Structures are given as C-alpha cells and as structure tokens.
2 protein chains.
Amino acid sequence: MPLYLGIDGGGTKTECVVGDETSVLGRFTAGTSKIQRVGRDAATNSLRAAIQGALYAAGRSRDEVVHSCAGYAGASQAEVRQWLAETMAEFVPGGLTVVGDHTIAHEAAFKGGPGVLVIAGTGSIAFGRNEREQGARAGGWGPVISDEGSGEWIGRAATAACLRAFDAGTATSIMVRVLNTWRVSTREDIIRLVNSYPLPNFAALFPQVLAAADEGDTLAREILARAGNELAQLALIVIRKLWPSDIPVTIAASGGVVSNSTLVRQAMHNAIRAERKAARFDESPIDPTEGALYLARHAPPDARP
Amino acid sequence: MPLYLGIDGGGTKTECVVGDETSVLGRFTAGTSKIQRVGRDAATNSLRAAIQGALYAAGRSRDEVVHSCAGYAGASQAEVRQWLAETMAEFVPGGLTVVGDHTIAHEAAFKGGPGVLVIAGTGSIAFGRNEREQGARAGGWGPVISDEGSGEWIGRAATAACLRAFDAGTATSIMVRVLNTWRVSTREDIIRLVNSYPLPNFAALFPQVLAAADEGDTLAREILARAGNELAQLALIVIRKLWPSDIPVTIAASGGVVSNSTLVRQAMHNAIRAERKAARFDESPIDPTEGALYLARHAPPDARP
C-alpha cells in the first residue's frame with residue numbers, strides 16, 4: 001500500500017509522520033536537522049532517525065513510500081534544498097516536495113483555506129493566503145536582521161536586557177538563568193560568547209525567560225510582551241496586504257513560543273485587535289507535520305518520479 | 001627627548017599621534033586594527049603603519065618613545081590586550097597603557113573633568129564620570145546584543161527595513177544602496193549574506209543611509225532618528241546613575257555616526273532633554289587620539305618599564 005511521509009524540520013526538532021491515503025500510521029521526533037545550526041552530518045543523522053523511527057512505529061517498510069513532503073525554515077536556500085534532495089534520495093524512494101515550514105503549518109491550520117498563520121519557534125514568520133489564493137509573508141529572513149518575536153529573538157533580547165540591567169545597576173533574575181543555561185560563571189563569559197562564532201544558542205534561553213516571567217520578573221514579562229507585539233506587526237503586514245479592508249480574518253499561531261506563552265499570545269492578539277477589530281483567533285493546536293503529510297498525499301503527479 | 005604615542009584603534013581606522021611633553025609632533029591614520037574584524041595579521045600591519053607613519057611625520061626615531069597609550073573598543077577582552085602587549089613590544093620601547101576607546105575619548109572631551117561621552121562609530125557606548133570621580137558605562141557589549149545606535153546597528157536596521165518594506169510591498173531607495181554596497185544583485189543574495197559567516201560589514205551601509213536620508217527617504221530618516229534615540233537611552237542610563245538629580249550635566253559625542261548626522265544628534269538631544277531639562281550639549285570636535293596622548297604623558301610611573 002502506498003505510504004506518504006510528512007516531515008517538519010525545525011530549529012529544535014525534526015518530526016516525521018508516516019501515513020497511507022487516509023490515516024496516520026506512525027510518528028517520530030528526533031533532534032534538529034537544520035544544517036545551518038548543526039552542520040550536514042548531524043542534520044543528516046537527525047533526519048534519518050526521524051524517518052526510520054516513524055517507519056518503525058508504523059511497522060512499515062521504506063520501500064512502500066511513494067511521496068514525501070519536507071517543510072524547512074531555510075527551504076528557500078539552495079544549499080538546504082540540495083541537501084534535502086540528496087539525503088532523502090538515500091533514505092526513501094518516491095517523489096519529494098520541499099516547502100517552507102510556513103507552508104506546511106498553514107496547510108495544517110487552514111486546510112488550504114484562507115487565513116494568517118504566525119509561527120514563532122526558534123525563528124519566526126507570518127504567512128497568509130486570502131480567498132483569491134493570493135499569498136503573502138513577513139519576517140523569517142534569519143536571526144541577524146529578522147525573526148522578530150522568535151525564541152532566538154527572545155533569547156537575544158533577554159541577554160541584552162541583562163547587560164542593560166547591569167549597566168543601570170538594577171537586578172534581574174534572568175542573568176543567573178543565562179549563566180546556568182550556557183554553563184558559564186561570569187558576565188565576561190557571556191560577552192565573550194555572544195561576540196564569538198558560532199553564536200550561543202539564544203533560543204535555549206526562551207524557557208528561562210518564560211520561567212522568570214512566571215515568577216513575576218518584570219523584565220522577562222516585558223520581553224515576552226514585546227515579542228507578542230513584534231509577531232503582531234508581522235501578522236499585520238500580511239493582513240494589510242491580503243485584506244485591505246477590515247473583514248473577519250482568522251489568525252492561527254504555532255511554534256514553541258506561542259504555544260507555551262499565554263503572555264506572548266495575549267500581547268499579539270491585543271496588538272492585532274488594536275488595528276483590526278474583526279480579527280478572529282483560532283487557538284486550536286496545529287500539527288505542521290500533518291500539514292506536510294497532507295501535501296505529500298496531494299503532490300501533483302509530475303512531482304512523482 | 002622623551003616621546004609619547006597616543007593610539008586610537010577603532011572599527012574603521014587606526015590613528016596614531018606622536019608628541020613630546022607639550023606638543024603634537026606627528027600623526028598618521030591607517031586601516032582598522034580590530035583583530036575581531038580583520039584578524040591578527042592585518043591588524044598588526046595597520047597598527048605598525050599608523051605608528052611608523054606618525055614617527056615619520058614627526059621626523060623622530062622610535063627609540064625615543066618612553067610610553068604609549070592605546071584605546072581600543074575591545075580592550076576588556078584578554079585576547080585584545082595580549083595582542084596589543086606583544087605587538088607594541090615589537091614596534092616601540094617604553095611602557096604601555098591599554099584602555100577602552102571610551103576612556104581616551106572621554107579624556108579628550110573633558111580633560112579629566114566630569115561629563116558624559118556618547119561614542120557612536122562602528123560600535124557604540126556611553127561613558128561618564130561625575131564630580132566625585134565615579135564612572136559608569138552603558139552599551140558597547142558587541143553588535144549581537146548591544147551597540148545600539150552605532151554604524152553597525154544602523155546598517156542592520158536598514159537591511160531589516162529593506163526586507164520589511166519588501167514584505168509590505170512598499171518601496172525604499174535603501175534597497176538599491178544595500179545591493180550596490182555589497183556588490184550583489186538580488187534580495188536573495190542579501191539574505192544569503194546576512195545568514196552566513198563572517199557577517200557582511202553592516203557599518204559600511206551607514207553612509208548610504210545618510211545619503212538616502214538627505215534625499216528625503218522616510219525610512220532612512222526614521223532609522224537615523226531611532227539611532228539617536230537609542231544613543232540617548234545609553235546616555236540616560238549613565239546620567240541617572242552618576243547624577244541622580246537634574247543638575248546641568250554636559251554631554252559630548254564622538255564617532256562617525258554622531259559627527260556626520262545632524263539628525264542623529266538632534267534626536268539624541270531631544271530624547272535626553274525630555275528627561276533632563278538641564279542637560280548641556282558640547283558640540284566641539286573631539287580627538288580621541290589626543291586623549292590617548294595625554295594619558296601616555298601622564299601614565300603612573302609604575303606603568304613605565
């Protein structure tokens with residue numbers, strides 16, 4: 001029986017689902033396969049682990065796979081596409097569709113219908129499609145100049161706020177959490193880390209900012225509220241472009257930042273509502289990997305080998 | 001006759017002055033000697049060129065040098081201090097004092113007296129000393145999490161604004177200028193550049209943002225105004241710490257960004273005045289290299305070999 005693979009390759013994890021024409025048969029989550037972060041070898045191992053794990057969970061053989069769809073944050077980069085084409089060809093037979101992570105998540109959220117999806121995981125992006133099937137995106141151009149409101153952005157903002165608090169002679173519980181996360185002991189160590197290459201994993205600080213905010217740390221709460229506002233700005237760019245008048249647009253959100261922080265979601269909703277009163281927020285959980293599986297099942301015939 | 005060297009090692013240039021006890025005898029400017037940017041070999045060549053050039057201009061021999069003072073943005077980093085100690089020992093005899101670039105510029109601006117200095121060149125920092133000789137600084141922790149309002153920050157903000165404008169479907173004259181500066185031809189090239197290592201030279205975009213602002217580009221003007229506001233926030237952290245009440249504090253500024261942009265200076269002044277009505281702005285030109293020379297002349301005897 002023909003099998004399909006849906007793969008979600010994020011900055012923190014790689015998830016694969018195996019399905020037939022109608023059902024999900026197995027699923028597995030491995031470490032990140034973002035080659036920009038961990039290099040090709042580690043990324044290849046993670047991708048292989050996710051696929052093998054999902055096939056094992058389904059109790060099926062890879063020889064039955066007829067099409068796979070992989071959603072990756074860096075899918076627009078030639079290097080990522082090439083690595084995926086080569087690596088997938090080694091692991092499984094059948095055709096391959098490579099799309100951005102926003103495409104599979106939008107598919108999972110709106111099943112091909114209109115709406116705006118905000119993704120805030122390690123990176124961030126807003127992506128929408130209107131009733132006339134016109135698409136638009138905002139953000140997601142990488143951590144140095146974009147990815148506003150993402151886990152990476154929050155971690156960088158937290159580190160900057162620590163040093164700003166140090167300059168001002170005020171206290172924040174974030175500093176100790178930053179030191180512990182990166183296993184260093186002094187402020188000088190932090191400065192050395194953030195000015196060397198590769199950069200430290202800023203997104204790893206997100207759970208710490210979340211915990212500090214839960215304990216009432218003002219700085220942490222401010223950073224999360226700012227992140228929500230940044231995400232709203234991305235969504236609003238897309239909304240203004242696709243829906244020039246204030247009709248009821250549905251906004252969904254996915255990724256670790258929005259799914260774990262009520263404060264981020266609330267700040268995002270408020271900032272969107274301030275401009276678009278008719279906006280509706282769909283808070284149902286989104287499974288991007290199932291969006292990838294759907295796209296694998298419905299790949300155009302000429303995408304098959 | 002004893003000679004003294006004052007050296008200002010910035011992200012764009014290395015300047016050296018040679019003086020005796022009272023006069024400046026010679027001066028020379030070479031390329032950057034920031035090892036984090038150009039590596040040790042190129043940095044060593046620039047530093048040697050600056051020193052040899054200044055001695056040549058003065059018509060004097062290096063054997064007469066009794067003390068040097070070098071101001072470097074990265075002076076707090078062990079690697080920079082070690083490189084300077086080794087390299088200076090090869091070039092010239094005598095003692096060596098290594099301080100932050102903010103120290104020599106503050107010396108040049110206030111001659112040891114109280115005041116706040118804002119530096120905005122490739123990087124940024126605010127540094128102050130009050131009447132009780134207490135010091136405070138803000139910013140200057142490196143481009144990834146700090147250096148707000150600097151040339152680097154302005155270049156990054158301009159690149160981000162270009163892509164944001166692209167997302168929104170609006171036009172900005174900055175995009176063409178970014179493409180030309182980095183000698184690339186597409187938006188994809190920019191995205192590739194800013195997501196690879198080493199990062200492109202964002203500070204090189206500052207003159208382009210300046211030119212666009214002069215031509216009336218709204219986005220460029222907004223970025224420069226935001227930079228001035230960021231610099232004001234750094235100054236205010238220092239002012240609040242050193243002068244808790246609103247007495248007349250003098251603020252001076254140096255570096256390519258503040259010396260070339262009236263808009264940045266004006267925005268900075270306005271934001272500082274909004275909180276500190278009694279603030280005074282000293283707009284006289286500042287020569288950090290002469291501050292370094294002054295510190296070389298007045299080095300404590302135990303700093304001499």
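Which residues does A:Glu15 touch, not counting residues up to four places away in sequence?

## Surroundings of A:Glu15

In this predicted model, A:Glu15 touches A:Gly6, A:Ile7, A:Asp8, A:Arg27, A:Phe28, A:Thr29 and A:Thr289, with residues up to four places away in sequence left out of the list. A:Glu15 belongs to strand 2 of chain A, which covers residues 13-19.

The relative accessible area of A:Glu15 is 12%. A:Glu15 is therefore counted as buried, the limit being under 20%. One of the residues touched, A:Thr289, is also joined to A:Glu15 by a polar contact between the two side chains, at 3.1 Å.

## Extent of the interface

Chain B and chain A each bring 30 residues to their contact. The area buried between the two chains is about 2,500 Å². Carbon and sulfur atoms give 62% of that area. On the chain B side, B:Trp141, B:Ile145 and B:Asp167 supply 30% of the area that chain B buries against chain A, which is more than any other three residues.

## Polar and charged links between the chains

Two salt bridges are found across the interface of chain B and chain A. A salt bridge also joins the side chains of B:Arg164 and A:Glu148, with 3.0 Å from N to O. Residue pairs in polar contact across the interface of chain B and chain A number 10, counting pairs with both residues at pLDDT 80 or more.

Four elements of chain B each supply at least two residues of the side that touches chain A: strand 8 (135-138), helix 4 (151-168), helix 6 (187-194) and helix 8 (218-242). Helix 4 of chain B gives the most to this side, with eight residues. By residue class, the side of chain B that touches chain A divides into 16 nonpolar, six polar and eight charged residues.

## Aromatic pairs

How many aromatic pairs does the rule count over all chains? The count comes to seven. A pair of aromatic rings is described by the distance of the centres and the angle of the planes.

A:Tyr72 and A:Trp83 form an edge-to-face pair, with 6.0 Å centre to centre and 80° between the planes. A:Tyr72 lies in strand 4 of chain A (residues 65-72) and A:Trp83 in helix 2 of chain A (residues 78-91), so this pair ties together parts that are 11 residues apart in sequence. A:Tyr72 is buried, at a relative accessible area of 3%, and A:Trp83 is buried as well, at 1%.

A:Phe166 and B:Trp141 form another edge-to-face pair, with 6.1 Å between the centres and 65° between the planes. Because A:Phe166 lies in helix 4 of chain A (residues 151-168) and B:Trp141 in the loop between strand 8 and helix 4 of chain B, the pair joins two chains. A:Phe166 counts as partly exposed, at 36% relative accessibility, whereas B:Trp141 counts as buried, at 7%. B:Trp141 is also among the three residues that together supply 30% of the area chain B buries against chain A.

## Cis peptide bonds

In chain A, a cis peptide bond joins A:Tyr197 and A:Pro198, with omega at about 0°. A:Pro198 is found in the loop between helix 6 (187-194) and helix 7 (206-214) of chain A.

In chain B, B:Tyr197 and B:Pro198 are joined by a cis peptide bond, and omega is about 0°. The place of B:Pro198 is the loop between helix 6 and helix 7 (206-214) of chain B.

Is A:Arg183 buried or exposed? A:Arg183 is exposed, with a relative accessible area of 78%. Although A:Arg183 is not a glycine, its phi is positive, at about 55°. A:Arg183 is found in the loop between helix 5 (174-181) and helix 6 of chain A.

B:Asp147 also has a positive phi, near 60°, in a residue other than glycine. B:Asp147 is found in the loop between strand 8 and helix 4 of chain B, the loop that also holds B:Trp141. At 8% relative accessibility, B:Asp147 counts as buried.

Conventions
Residues numbered from 1 in each chain as written. Chains lettered and ligands numbered in written order. Predicted model: local features only at pLDDT ≥ 70, side-chain atom pairs only at ≥ 80, totals over all residues. Heavy atoms only, no water. Contact = heavy atoms within 4.5 Å. Buried area = accessible area lost by both parts, 1.4 Å probe. Salt bridge = Lys/Arg side-chain N within 4 Å of Asp/Glu carboxyl O. Polar contact = N/O pair within 3.5 Å; in protein donor to acceptor, adjacent residues only side chain to side chain. Nonpolar A, V, L, I, M, F, W, Y, C, P; charged D, E, K, R; others polar. Phe/Tyr/Trp six-rings, centres within 6.5 Å; stacked < 30°, edge-to-face > 60°. Buried < 20%, exposed > 50% of the residue type's maximum accessible area, 1.4 Å probe, protein only.
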